[in-house]
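Hi,

Here is the structure I promised to pass on. Have a look at it first, and then read my notes below.

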Amino acid sequence: MISIYILTYNEQVDIAECIESVIDLSDDIIVVDSFSSDRTLEIASRYPVQIVQHKFESHGKQRTWMLKTIPTKHNWVYILEADERMTPELFAECVAASQHKEAVGYYVAERVIFMGQWIRRSTQYPRYQMRLFEKGKVWFADYGHTEREVYTGPVSFLKETYPHYTCGKGLSRWIEKHNRYSTDEAKETLYQLQQGGVNWKQLLFGSTEVERRRALKDLSLRMPFRPIVRWFYMYFILGGIFDGKAGFAWCTLQAFYEYLILLKVDELRETNLESPYPNSLKYPNTEEPSNQSESLSL
């Protein structure tokens with residue numbers, strides 16, 4: 001058996017289906033909520049889950065806080081976000097992997113569901129995220145608008161995938177969210193341009209999709225006409241043209257997102273900010289976590 005963390009903030013549209021996808025599989029489900037203002041907690045409280053609230057600062061800090069602070073029944077945990085679903089096949093593979101203990105953490109590939117269909121090609125499928133791991137062996141640090149994992153020990157990959165409903169709350173919510181994300185990405189972009197570099201070895205000879213994808217991102221930060229290049233790459237090179245109307249919309253929105261990041265990079269430069277986002281992937285400190293949390297139900 002493994003424990004499940006579900007991260008939420010104003011997820012009244014998705015939370016019920018998310019919980020129901022795992023409620024018959026795990027006996028330890030913990031909803032970590034960032035003080036939602038909608039019906040998320042009301043809906044979640046209908047199920048036999050533990051609910052804990054903690055003020056959101058960043059994706060990396062939220063994950064690190066919950067791993068350090070919230071006890072679980074099981075030493076192996078899986079992080080599930082509200083717009084994602086667990087499948088019985090994936091859960092069975094997670095349990096088997098936790099028993100074999102050949103690695104301290106496992107990457108799982110997402111299947112992006114957008115406009116009612118799986119966007120298989122233009123999403124760089126299979127695109128992996130660290131989701132299953134042994135507590136105390138994997139932590140998270142901030143990177144741009146999201147996070148990156150830091151681990152001690154070998155990691156591996158699972159074969160089963162999970163569906164990710166990226167636009168379940170509508171395009172307005174998607175645009176609002178990515179407007180916020182682009183601010184953090186602009187800060188990270190400017191920092192990487194000033195302090196970082198391209199790992200050509202990982203880009204050309206990386207042993208995993210994760211290494212190659214991250215090196216490719218570092219390269220893309222330095223490319224001229226980045227939004228246009230990304231659209232062309234996703235639509236024609238990756239094959240988004242075969243994803244139909246939804247694929248065209250997905251590629252166009254991603255190019256718009258890149259353009260928004262570039263505009264905000266220029267805005268930051270005009271303010272003469274230097275290294276505005278000093279970030280490094282390192283182990284989180286061992287100071288006592290914030291006590292700004294509240295246990296709501298069991």
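Thr72 sits in the loop between helix H3 (59-69) and strand E4; helices (H or I, at least four residues) and strands (E, at least two) are DSSP runs, numbered from the N terminus. Leaving out residues up to four places away in sequence, Thr72 touches Ser3, Tyr5, Asp28, Ile30, Val77 and Lys135, where contact means heavy atoms within 4.5 Å. Ile175, on the other hand, is 103 residues from Thr72 in sequence and 35 Å from it in space, C-alpha to C-alpha.

Before you go further: this is a predicted model, in which local features need pLDDT of at least 70 and side-chain atom pairs count only at pLDDT 80 or more, while totals for chains, interfaces and linings use all residues. Residues are numbered from 1 along each chain as its sequence is written, and side-chain values use heavy atoms, with hydrogens and water left out.

Now the whole chain. It has nine helices and eleven strands. The radius of gyration is 19 Å, close to the 19 Å that the globule rule gives for 298 residues, so the chain is as compact as a globular protein of that length. (That radius is taken over C-alpha atoms, and the rule is 2.2 Å times the number of residues to the power 0.38.) The C-alpha trace spans about 50 × 45 × 40 Å along its principal axes.

How much of the chain is buried? Of the 298 residues, 50% count as buried, with buried meaning under 20% relative accessible area, exposed over 50% and partly exposed in between (1.4 Å probe, protein chains only). The accessible surface comes to about 14,900 Å², and 53% of that belongs to carbon and sulfur atoms; areas come from the Shrake-Rupley method with a 1.4 Å probe, and for residues only the protein chains shown count as cover. Among contacts with a separation of 6 or more, 77% are between residues 24 or more positions apart.

On to the inside. In soluble globular proteins, nonpolar side chains tend to be buried together. Here the largest nonpolar core has 30 residues, and Ile4, Ile6, Tyr78 and Leu132 have the most contacts inside it. A nonpolar core is a set of buried Ala, Val, Leu, Ile, Met, Phe, Trp, Tyr and Cys residues joined through side-chain atoms within 4.5 Å. Several elements each supply at least two residues of this core, including strand E1 (3-8), helix H1 (15-20), strand E4 (76-81) and helix H4 (88-100). H4 gives the most, with five residues. There is also a second, separate core of 21 residues, which includes Trp65, Ile79, Met130 and Phe140.

Apart from its neighbours within four places in sequence, Ile6 is in contact with Ile15, Cys18, Ile19, Ile29, Ile30, Val31, Val32, Leu80 and Ala82. Cys18 lies in helix H1 and counts as buried at 0% relative accessibility. Beyond four places in sequence, Cys18 touches Ile6, Leu80, Glu81, Ala82, Glu84 and Arg85.

Which residues does Arg63 touch? This arginine lies in helix H3 and is buried, at 3% relative accessibility. Not counting residues up to four places away, Arg63 touches Leu7, Ile79, Glu81, Phe140 and Glu147. Trp250 is 187 residues from Arg63 in sequence and 28 Å from it in space, C-alpha to C-alpha.

Ser34, in the loop between E2 and H2, is buried too, with a relative accessible area of 11%. Setting aside neighbours within four places in sequence, Ser34 is in contact with Thr8, Tyr9, His54, Phe56 and Gln62.

Last, some backbone details:

- Tyr125 and Pro126 are joined by a cis peptide bond, with omega about 0°; Pro126 lies in the loop between strand E6 (117-118) and strand E7 (127-134).
- Asn10, in the loop between E1 and H1, has phi near 50°, a positive value in a residue other than glycine. Asn10 counts as buried at 17% relative accessibility.
- Met115, in the loop between E5 and E6, has phi near 55°, also positive in a residue other than glycine. At 46% relative accessibility, Met115 counts as partly exposed.

Cheers
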